[in-house]
Amino acid sequence: MHGFSYKNGSLYCEDVDLATLATEYGTPLYVYSAGTILDHYRRLDAALAGVNHEVAYAVKANSNLSVLRLLANEGAGFDIVSGGELYRVIKAGGDPAHCTFAGVGKTRDEIVYALEQGIYSFNVESEEELRYLNEVAGELGVIAPAAVRVNPNVDAHTHKYISTGKSENKFGVDFGAIAGLYERAAAEMPNIRMRGLQMHIGSQLTSIAPFIEAVEKVAPLARELKERHGIEFWSIGGGIGIIYKGSLESGSVEWWESQTDEERPLTTVRYGAELVPRLKELGLKILVEPGRFIVGNAGVLLTRCLFEKKGAAKTFKIVDAGMNDLIRPALYEGHHEIVPLKQPATDARVTVDVVGPICESGDFFCQNRELPDFQPGDTVALMSAGAYGFVMASNYNSRPLPAEILVEGSTSTVVRKRQSLDDLIDGEL
Ligand code: LLP
């Protein structure tokens with residue numbers, strides 16, 4: 001399912017005309033499709049049905065309370081990376097007992113908060129952190145549930161900034177050092193209960209091969225830790241990639257899953273079919289931590305064209321969203337399709353850069369791309385902006401954060417108000 005399509009010449013999110021939302025709430029504006037989020041969650045859950053599992057949504061991808069509430073109501077667990085994310089999950093009705101806490105630099109305050117809330121596991125990234133967790137838990141007189149993140153040294157073949165499973169990355173503990181660390185935890189850290197093992201090799205993986213390689217490499221270790229230390233879960237991380245390039249149609253999971261294996265290197269069906277048999281015999285609870293897959297194609301960023309500027313070398317379409325609203329193109333050379341809300345009458349294309357108002361040359365959404373010739377006053381959708389979109393937005397250039405809307409069928413709800421100028425200076429002297 002995919003919530004975005006043209007109906008009678010206008011781009012809709014489910015049963016809501018996006019142009020109406022842009023007029024009513026202004027731009028830039030994030031819009032999410034609840035139906036798409038739920039569909040993606042259910043597809044992945046179903047693909048893993050053959051093994052005892054839990055889908056722990058990676059909150060960092062989109063942490064809006066209403067998005068979290070949707071997933072909490074579906075029974076999702078949550079993978080968090082800060083005390084702030086835990087706070088959001090709790091506010092949204094999520095259960096801390098289904099939260100795993102990842103990240104290389106947890107602070108004492110965050111550890112205390114998570115212990116008090118009774119999270120499922122701290123996913124620990126170094127021996128130093130495990131010892132510190134032991135110390136803090138001891139001071140509080142509690143036992144901290146933990147898993148160590150293993151760095152399997154597998155190449156995820158993704159952008160260098162979102163590849164995490166190689167030895168040169170800062171994440172996790174070297175594969176060869178894990179067994180010894182679990183021994184030392186058992187012998188020297190009385191306030192730790194080793195509950196599981198975790199890994200995550202990278203994000204936006206569009207091939208199944210690195211997942212298989214990592215699972216095959218780490219499975220014997222997971223088995224050994226279960227036998228020696230009684231661990232109960234193995235989290236194989238997130239990372240399932242989505243389609244950024246292509247028509248509106250090819251961004252849908254439904255379209256993708258209808259293609260042949262050569263054309264679609266990774267789908268939930270393939271993910272489950274390849275990984276479940278490799279995981280099942282371990283008898284462990286398997287966690288997955290998808291972020292982008294659940295929300296990426298479930299959101300768009302609407303922006304209005306302000307001006308067209310014809311330079312000596314290029315034509316620029318200047319829009320009212322900037323890299324502060326959606327930083328993925330600037331930071332990862334991320335590709336987002338740019339689609340006019342009014343369906344173009346012809347196939348005519350012009351070659352343009354679409355740029356924002358920020359005072360940086362990196363403030364572009366595309367360069368030298370062939371696009372329909374939308375005009376000042378027209379609104380376009382930056383597609384696939386549901387993951388790592390709003391959550392990475394900033395107030396750079398003193399721009400208020402955009403509003404967020406959640407669409408469910410024909411209902412649209414403002415799930416975050418646009419910031420006002422007063423919000424911008426709130427708390428400052
Ligand atoms: N688990 C861990 C431990 C992670 O570090 C991440 C993402 C995930 C799960 C979720 O990965 P996903 O399923 O979303 O691929 N801002 C970047 C992506 C950063 C990903 C960081 N870690 C982007 O916009 O491409």
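Me: A pocket is an open set of points on a 1 Å grid over the protein atoms alone, where a 1.4 Å probe fits, with protein on both sides within 12 Å along at least five of seven lines. What volume has the largest pocket?

Reply: The largest pocket has a volume of about 860 Å³, taken as the space filled by probe spheres set on the points, which are joined across faces, edges and corners. The model is predicted, with pLDDT of at least 70 needed for local features and 80 or more for side-chain atom pairs, while totals for chains, interfaces and linings use all residues. Residues are numbered from 1 along each chain as its sequence is written, and side-chain values use heavy atoms, without hydrogens and water.

Me: Which residues lie nearest its centre?

Reply: Ala58, Lys60, Val81, Glu85 and Tyr388 do, out of 42 lining residues (an atom within 4 Å of a point). Two or more lining residues come from each of helix 4 (83–91), helix 11 (292–295), helix 12 (328–332) and strand 21 (411–416). Helices (H or I, at least four residues) and strands (E, at least two) are DSSP runs, numbered from the N terminus.

Me: On to domains: what does the assignment give?

Reply: The chain is assigned domain 1 (4–30 + 297–424) and domain 2 (34–291). Their C-alpha centres lie 31 Å apart. Across the boundary, 28 residues of domain 1 are in contact (heavy atoms within 4.5 Å) with 23 residues of domain 2.

Me: Which members of the largest nonpolar core touch the most others?

Reply: Leu197, Trp234 and Tyr271, in a core of 105 residues. Such a core joins buried Ala, Val, Leu, Ile, Met, Phe, Trp, Tyr and Cys residues through side-chain atoms within 4.5 Å. Helix 8 (residues 209–229) supplies the largest share, nine residues. Both domain 1 and domain 2 give residues to this core, so it lies between them.

Me: What is Tyr271 in contact with?

Reply: Beyond its neighbours within four places in sequence, the contacts of Tyr271 include Leu44, Leu48, Ile208, Phe211, Ile236 and Val288.

Me: Which residues of helix 7 are buried?

Reply: In helix 7 (residues 178–188), Ile178, Leu181, Tyr182 and Ala185 are buried, that is, under 20% relative accessible area with a 1.4 Å probe and protein chains only. Down the helix axis they fall within an arc of 100 degrees, so they line one face of helix 7; the arc is that of the directions from the axis to the C-beta atoms. Their cover includes helix 6 (127–140), strand 11 (192–198) and helix 8.

Me: And Val154, where does this residue lie?

Reply: Val154 sits in the loop between strand 9 and strand 10. Its relative accessibility is 1%, so Val154 counts as buried.

Terms used:
Buried means under 20% relative accessible area, exposed over 50%, partly exposed in between (1.4 Å probe, protein chains only). Domain bounds come from an automatic or database domain assignment.
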